[in-house]
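Open the model in your viewer and keep the sequence panel beside it. This tour moves from one selection to the next and says what is there.

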Amino acid sequence: MSRSSAGHSVLVVPVPELETYVLERTRHYDDSFVSADPTFVHAHITLLAPFLAPPTSDDLERVGKIAAAAAAFDFRLDDVRVFAGGTIYLHPDPAEPFAALTAELSAAFPQCPPYGGLFEPVPHLTVDHTAGGVDLDSTRTSLAPFLPARCNADRVSLQWYANHACRTIAEWPLGGSPGQGPGAEIACIT
């Protein structure tokens, strides 16, 4: 059953190494959030959400400068945990580079507190939810073929999430030129 969503933008680090798993779980819960955009990666670690809708060219430039100032980095995913609310997630190691990017983006966009100020930001990749027979142990078992995942954070992606309209808006390479990539070329959301 599809939940209705007017949509929101999110700054993330895509994690293509877990795309197969996360895409299957997205289809299981709500296929209206499966993107037809070939650049969109469902598996991600959120840096800042919700973000601006729509961002201005100055906002996009500011994100590009933050991404350019941060080096790409390797990380590993194999620690499966659960938040108190039932969200099952993978904790990245190291988590500090993600936390540093979130802190930089939060400082640059104080009108966009992480998770709307409802939760303290914890770097994570959501993989499932405790419900309908799914629990921490069953998720560990279903994730086993994918773990440990050795990953590389190489870009920041601005994604739009809405029923039947998930897409990539812009991307910036970590450690690259702020004007590099499609960020300056992709139109803002309308």
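Predicted model: local features only at pLDDT ≥ 70, side-chain atom pairs only at ≥ 80, totals over all residues.

Helices (H or I, at least four residues) and strands (E, at least two) are DSSP runs, numbered from the N terminus. Select proline 148 to see how this labelling works. Proline 148 sits in the loop between α4 (136–143) and β6 (149–153).

Residues are numbered from 1 along each chain as its sequence is written, and side-chain values use heavy atoms, with hydrogens and water left out.

**The whole chain**

Zoom out and colour by secondary structure. The protein has four helices and eight strands. Along the sequence they follow the pattern β-α-β-α-β-β-α-β-α-β-β-β. The C-alpha atoms fill a box of roughly 45 × 35 × 30 Å, taken along the principal axes.

How does the radius of gyration of the protein compare with that of a compact globule? It is taken over C-alpha atoms, and the globule rule is 2.2 Å times the number of residues to the power 0.38. With 190 residues, a compact globule would be near 16 Å; the protein has 16 Å, which agrees.

A residue is buried under 20% relative accessible area, exposed over 50%, and partly exposed in between (1.4 Å probe, protein chains only). Of the 190 residues, 48% count as buried.

Contact means heavy atoms within 4.5 Å. Among contacts with a separation of 6 or more, 75% join residues 24 or more positions apart.

**Leucine 158**

Select leucine 158, in strand β7. Its relative accessible area is 0%, so leucine 158 is buried. Which residues does leucine 158 touch, not counting those up to four places away in sequence? Among them are Ser9, Val10, Leu11, Phe51, Pro55 and Leu60. The list also includes Arg167, Thr168, Ile169, Ala170 and Trp172. Draw a distance to serine 9: the two C-alpha atoms are 6.8 Å apart in space, yet the residues are 149 apart in sequence.

**Aromatic pairs**

Show the rings next. Rings of Phe, Tyr and Trp (its six-membered ring) pair if their centres lie within 6.5 Å; planes under 30 degrees apart count as stacked, over 60 as edge-to-face and the rest as tilted. By this rule there are eight aromatic pairs. One of them joins phenylalanine 40 and tyrosine 161, edge-to-face, at 5.3 Å centre to centre with 65 degrees between the planes. This pair links distant parts of the chain, 121 residues apart: phenylalanine 40 is in the loop between α1 (19–30) and β2 (44–48), and tyrosine 161 is in strand β7 (residues 155–161). Buried or exposed? Phenylalanine 40 is buried at 4%, and tyrosine 161 is buried too, at 12% relative accessibility.

Move to tyrosine 115 and phenylalanine 119. They form an edge-to-face pair, 6.4 Å centre to centre, with 75 degrees between the planes. Tyrosine 115 is partly exposed at 23%, whereas phenylalanine 119 is exposed at 57%. Tyrosine 115 lies in the loop between α3 (96–108) and β5 (125–129). Its phi is near 55 degrees, a positive value in a residue other than glycine.

Finish the rings with Phe73, Phe75 and Phe98, which form one aromatic cluster.

**Glutamate 19**

Select glutamate 19, in helix α1. Leaving aside neighbours within four places in sequence, glutamate 19 is in contact with Phe40, Val41, His42 and Ala43. A salt bridge is a side-chain nitrogen of Lys or Arg within 4 Å of a carboxyl oxygen of Asp or Glu. Glutamate 19 is buried yet has none. Lys and Arg count as positive and Asp and Glu as negative; His and the chain ends are not counted.

Select proline 54, in the loop between β2 and α2 (57–69). The peptide bond from alanine 53 to proline 54 is cis, with omega near -5 degrees.

End at histidine 164, in the loop between β7 and β8 (167–173). Its phi is near 60 degrees, a positive value in a residue other than glycine. Histidine 164 is exposed, at 67% relative accessibility.
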